[in-house]
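We'll go stop by stop, with a note at each one on what to select.

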Amino acid sequence: MKNVKNNNHDLTNGKIFSKLLLVAAPIMLTSMVQMLHNLMDMFFLGLVGAEGLAAAGTAGMYLWLSMALLFICRMGAEVGVSQNVGSGDYEKARQFAENSIILSFILGILFSVFVAVFRVQLVGFFNIPDQRVVYYSEQYLLFISPVFPFMYVKAVMTGIYNGYGNAKLPMIINSAGFLFNLIITPIFIFVLNLGVAGAAISTTIAYIPPFFASIWALKKYKNRPFEEFNFFIKPSSQIIKKIFKIGTPMGVESALFTFFTMFINRFIASYGVEAIAVNRVGTQLESLTWLVGGGFATAVTAFIGQNYGAKKYDRLKEGFRVGMKTMFIYGLFVSIISIIFARPLMSIFLHETNEIALGVSYMRILAFMQLVACLEGVAAGAFRGKGNTIAPSITSVTMNALRVLIAYFLSLHLGLYGIWWGVVIGANIRGLWVVTWYYISEKKMKENFNDDRAANN
């Protein structure tokens, strides 16, 4: 079995920032490509009309909801692989990887059936008055439903490689998939004249090549994590339970986050199609934070996981510090960009004067949560690297529920702007809570580490 200590994917030795960047840079680059894809997808749908944007935004909530099951598998693989690689137990790491792949495929099929069968009821939840938006949303869900098994397996492969410390290959596979989707989307929307349905069909098709590339990468790629990898094993109940134990808190967090966001979007829908379209565009532009910041948080998870498994506390502590400093700078940068360039950014995707003005206000309001969101990502990633996925999930669920209440009460006085300010206030409280909790837990971990070291001496 390969030994990570003898290759470039060892995160337990070497300069900390360069090691973090080794994992983070490919993930962030992939995130930038994904953001480009999402923005271009919106651009094309914007040409179809505000109804197209609103429909994609509505149906997209269930793509977010699908992340709940995906995160269970991916987080189980990421943490299980990173910690066992760090401790040198490659057989256990491989078992986590194999079982995560099988579980992800099964859950992906189940979610596909759920979306296809209940698409009418799912869209009906938002109580959208415009029947064209309702029709387009149902179309989108029907044609996007087959994508989930392919999406889930690809995501778990990414988690396996990230936990191993090699994010380069997933970057190539994922970026190629996004670029392929970018090429075929306008063909399906305009050339084949399929409109909103064409956007969903092209996305589904674009996930198939990366799916097979992911299978090849785990079996044949020369720098794969494991010499042997079997997709057709009898699932281990013990490993599956551990995967669920690691991943379920984040899965529940993701599901409830989406659920609470759906309630907020239902509030927004009452303000009309323009408000829905602006929210869709603003959310994607906000991905400057949660895609890139989330990529760095994933690198922190892998780094902390390996060093936690190797019991290198001082390196673990310094890695967290470096991550916080880096994302503080990035979060500040995004906040400034969101305020200064709100109008030109919104003007790319929205074409009516009222829509643009509303979008500018939205971006500038959201600018006040970007810095804390970046810091929260690092703290949550550090928690997960140590195998503690419960702490950030408890905070997220609690504060996201509170965020709905804040948004509702502020909307009574400030209308649509009150909803957006409620989102910002709730997000900032949540982020500061996670960061504070991690610092407290770090002090306790240091005391336990010193006790263990004294006992060994």
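**Stop 1: H7 against H8**

Select Gly 177, Phe 180, Asn 181, Ile 184, Thr 185, Phe 188 and Ile 189 in H7, and you'll find them meeting Gly 195, Gly 198, Ala 199, Ile 201, Ser 202, Thr 203, Ile 205 and Ala 206 in H8. Contact here means heavy atoms within 4.5 Å. Sorted by class, this H7–H8 contact has eight nonpolar, seven polar and no charged residues. For the classes, Ala, Val, Leu, Ile, Met, Phe, Trp, Tyr, Cys and Pro are nonpolar, Asp, Glu, Lys and Arg are charged, and the others, Gly among them, are polar.

Some housekeeping before moving on. This is a predicted model, in which local features need pLDDT of at least 70 and side-chain atom pairs count only at pLDDT 80 or more, while totals for chains, interfaces and linings use all residues. Residues are numbered from 1 along each chain as its sequence is written, and side-chain values use heavy atoms, with hydrogens and water left out.

Now show both helices whole: H7 is residues 168–191 and H8 is residues 195–206, and their axes come within 8 Å and cross at roughly 150°. Helices are DSSP runs of H or I with at least four residues, numbered from the N terminus. The axes are lines fitted to C-alpha atoms over the stretch in contact, and the angles run from 0 to 180 degrees between N-to-C directions. The H7–H8 crossing is right-handed, that is, the near helix is turned clockwise from the far one by less than a right angle.

**Stop 2: H2 and its two partners**

Next, select H2 (residues 50–87) and H3 (residues 90–117), which pack at about 170° with their axes 7 Å apart. That angle makes H2 roughly antiparallel to H3 (the term covers angles over 145 degrees; under 35 is roughly parallel, 65 to 115 roughly perpendicular, and the rest oblique). Among the H2 residues that meet H3 are Tyr 62, Leu 65 and Leu 69, and on the H3 side the list includes Phe 96, Leu 103 and Phe 111. By class, the H2–H3 contact has 14 nonpolar, six polar and one charged residues.

On the H2 side, pick out Glu 51, Ala 55, Tyr 62 and Leu 63, which are among the residues meeting H5, whose own list includes Arg 132, Tyr 136, Tyr 140 and Ile 144. The H2–H5 contact has 11 nonpolar, two polar and two charged residues.

**Stop 3: aromatic rings**

How many aromatic pairs does a search of the whole structure find? There are 25. Zoom in on Tyr 62 and Phe 126, whose ring centres are 6.0 Å apart with planes at 75°, so the pair is edge-to-face. Rings of Phe, Tyr and Trp (its six-membered ring) pair if their centres lie within 6.5 Å; planes under 30 degrees apart are stacked, over 60 edge-to-face, and the rest tilted.

Tyr 62 sits in H2 and Phe 126 in the loop between H4 (119–124) and H5, so the pair ties together parts that are 64 residues apart in sequence. Are these two buried or exposed? Tyr 62 is buried, at 3% relative accessible area, and Phe 126 is buried, also with a value of 3%. The cut-offs are under 20% for buried and over 50% for exposed, with partly exposed in between (1.4 Å probe, protein chains only).

Then select Phe 111, Phe 114, Phe 118, Phe 148 and Tyr 152, which form one aromatic cluster.

**Stop 4: two loop residues with positive phi**

Go back to the H4–H5 loop and pick Asn 127. Its phi is near 55°, a positive value in a residue other than glycine, and at 56% relative accessibility Asn 127 is exposed.

Jump to Lys 311, in the loop between H13 (292–309) and H14 (313–340). Lys 311 has a positive phi of about 60° without being a glycine, and is exposed, at 68%.

**Stop 5: a buried glutamate**

Finish at Glu 253, in H10 (residues 237–269). Glu 253 has 14% relative accessibility and counts as buried. Leaving out residues up to four places away in sequence, Glu 253 touches Arg 384, Pro 392, Ser 393, Ser 396 and Val 397.
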